[in-house]
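Subject: the structure you asked about

Hi,

Here is the structure I said I would pass on. Have a look at it first, and then read my notes below.

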Amino acid sequence: MQHKDVIIIGAGAAGLMCALTAGYRGRDVLLLDNAKQMGRKILISGGGRCNFTNQNIETNAFLCGNRHFCKSALARFSQWDFIAMVERHGIEYHEKTLGQLFCNESAKEIVDMLKTECEWAGVNIQLRTEIVSITANDAGYLLQTSAGDYQCQSLVIATGGLSMPKLGATPFGYKVAEQFGLAVKPTSAALVPFTLHQADKDKFEQLAGIALPVIATAESGQSFKEAMLFTHRGLSGPAVLQISSYWRAGQKVSFNLLPETDFIAWLTATTAESPKLSFKNALSRILPKRLVEVLIEHGELPEKNLNQLGKGEISQIEQYLTYWQIAPNGTEGYRTAEVTLGGVDTDELSSKTMEAKKQPGLYFVGEVMDVSGWLGGYNFQWAWSSGYAAGEVA
């Protein structure tokens, strides 16, 4: 049997950060993963360029049963701390939109950086290792694995959620929590495209590939101003992915299709200029033409010239275009979800250390717990911050 100070299960973003942080404290750290490759989610993120953090990290951008839980960790290892690490390694990056930071070259640079830091910190990384069982004992934790038995003082679970099962996502972390009597909140796919009911799917699937800026608003009142994309199955794009975290089955989502336009002022000016212009051709100047055609074809909008529109009709059109409602049939599920809502209940954990309150020496970091961030680097920052918090004490 091999003895270690700290064993971390899961060589993703949170696990790697936790490992290097603990290693720099002089702890003997073993990082285990059943995959052939570390940081697989990092590698595919951001279109292969990794949206590694956001300049505008705020706690209100995280969904958690305890809205104060994230504050301590995010304050003690902030986006600026991670950016400093990126800069130390000479990784060039850029801001895309809304504070989102991406590598100029490749997400592999972030994985290589974390791997290098782990090497400098003396961390032993062991891949292709299956965990057979975990038991607590007087000395900490005994792990039976496919590579032999290990004893450790501190055990960190960094196994992620259920999103993207093709990358190896499993409920392993939740099962460990339940094994030790910790509550686990119900999980669901988040930051995920919507699917539509058959009638809407038939109506809009011909628009697949068309994108437009919108303001998406959930029934809870939460809203996001970003792009929406029509797909063969339903709706996607940043606005839809964001609002999906706040949507529940049976609810509707409303979209302002003209977030930058004062519709009445625009229509008044356009009518004065070209009174006999068809409404379809006029509206196609500010909305995708194919979308306008579909809405008119299905009787959602009138097929008239501008000078034929009455005041009441104009008011109805404005209401329709700025409050376009869809009741999604569901989501595409964990297969394409970027994160998992729910997970290990944060009331069971210390917000300062991520240690289980009733199970000393057991820690949970990253997506496995009930913390989910907005699209745009927030979830990676939570991985860095929570991993650091546990690594400082484990």
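Leu142 sits in strand β9 (residues 140-145). Helices and strands here are DSSP runs numbered from the N terminus, where a helix is H or I with at least four residues and a strand is E with at least two. Contact means heavy atoms within 4.5 Å. Leu142 and Val253 are 111 residues apart in sequence, and their C-alpha atoms are 48 Å apart in space.A word on where this comes from: the model is predicted, so local features need pLDDT of at least 70 and side-chain atom pairs count only at pLDDT 80 or more, while totals for chains, interfaces and linings use all residues. Residues are numbered from 1 along each chain as its sequence is written, and side-chain values use heavy atoms, with hydrogens and water left out.

Now the overall picture. The protein chain has 13 helices and 21 strands, and its C-alpha atoms fill a box of roughly 85 × 40 × 35 Å along the principal axes. Of the 394 residues, 54% are buried. Buried is under 20% relative accessible area, exposed is over 50%, and partly exposed is in between (1.4 Å probe, protein chains only). If you take contacts between residues at least 6 apart in sequence, 71% of them join residues at least 24 apart.

Next, the strands. Two strands pair if DSSP finds at least two bridges between them. Strand β1 (residues 2-9) pairs in the parallel sense with strand β10 (residues 148-157) over seven bridges, and Ile7 has Leu155 as its bridge partner in β10. β1 also runs parallel to strand β2 (residues 29-32), joined by four bridges; there, Ile8 stands opposite Leu31.

What is the order of the strands in the three-stranded open sheet? It goes β3-β6-β5, with antiparallel pairing. β3 (51-54) and β5 (93-95) are at the edges with a single partner strand each, so one side of each has no neighbour in the sheet. On average, neighbouring strands of this sheet are turned by 30 degrees against each other, direction ignored. That angle is between axes, which are lines fitted to C-alpha atoms (for helices, over the stretch in contact); angles run from 0 to 180 degrees between N-to-C directions. Three bridges hold the antiparallel pairing of β3 with strand β6 (residues 100-103), and Asn51 has Phe102 as its bridge partner in β6. Phe102 turns up again, with Lys96 over its face at 4.8 Å from the ring centre. For that to count, NZ of Lys or CZ of Arg must be within 6 Å of the ring centre and within 35 degrees of the ring normal.

Another open sheet has seven strands in the order β17-β16-β13-β14-β15-β12-β18, again with antiparallel pairing. Its edge strands are β17 (324-326) and β18 (330-331), and each pairs on one side only. Inside it, β12 (residues 194-195) and β15 (residues 234-236) run antiparallel with two bridges between them, and Thr195 stands opposite Gly234.

On to the rings. The whole structure has 18 aromatic pairs. Rings of Phe, Tyr and Trp (its six-membered ring) pair if their centres lie within 6.5 Å; planes under 30 degrees apart are stacked, over 60 edge-to-face, and the rest tilted. Phe82 and Trp384 are a stacked pair, 4.2 Å centre to centre with 5 degrees between the planes. Why does this pair tie together parts that are 302 residues apart in sequence? Because Phe82 lies in helix α4 (residues 79-88) and Trp384 in helix α13 (residues 378-391). Phe82 is at 0% relative accessibility and so counts as buried, and Trp384, also at 0%, is buried as well.

Compare that with Phe204 and Trp324, an edge-to-face pair at 5.5 Å centre to centre and 85 degrees between the planes. Phe204 is in helix α7 (residues 198-204) and Trp324 in strand β17, 120 residues apart. Phe204 is buried at 4% relative accessibility, and Trp324 is buried at 3%. Ring pairs also link a cluster, with Phe62, Tyr246 and Trp382 among its members.

Last, the core. The largest nonpolar core has 132 residues, and Phe82, Ile110, Leu114, Leu143 and Phe255 have the most contacts inside it. Such a core is a set of buried Ala, Val, Leu, Ile, Met, Phe, Trp, Tyr and Cys residues joined through side-chain atoms within 4.5 Å. Helix α1 (residues 13-24) gives the largest share of this core, eight residues.

Happy browsing!
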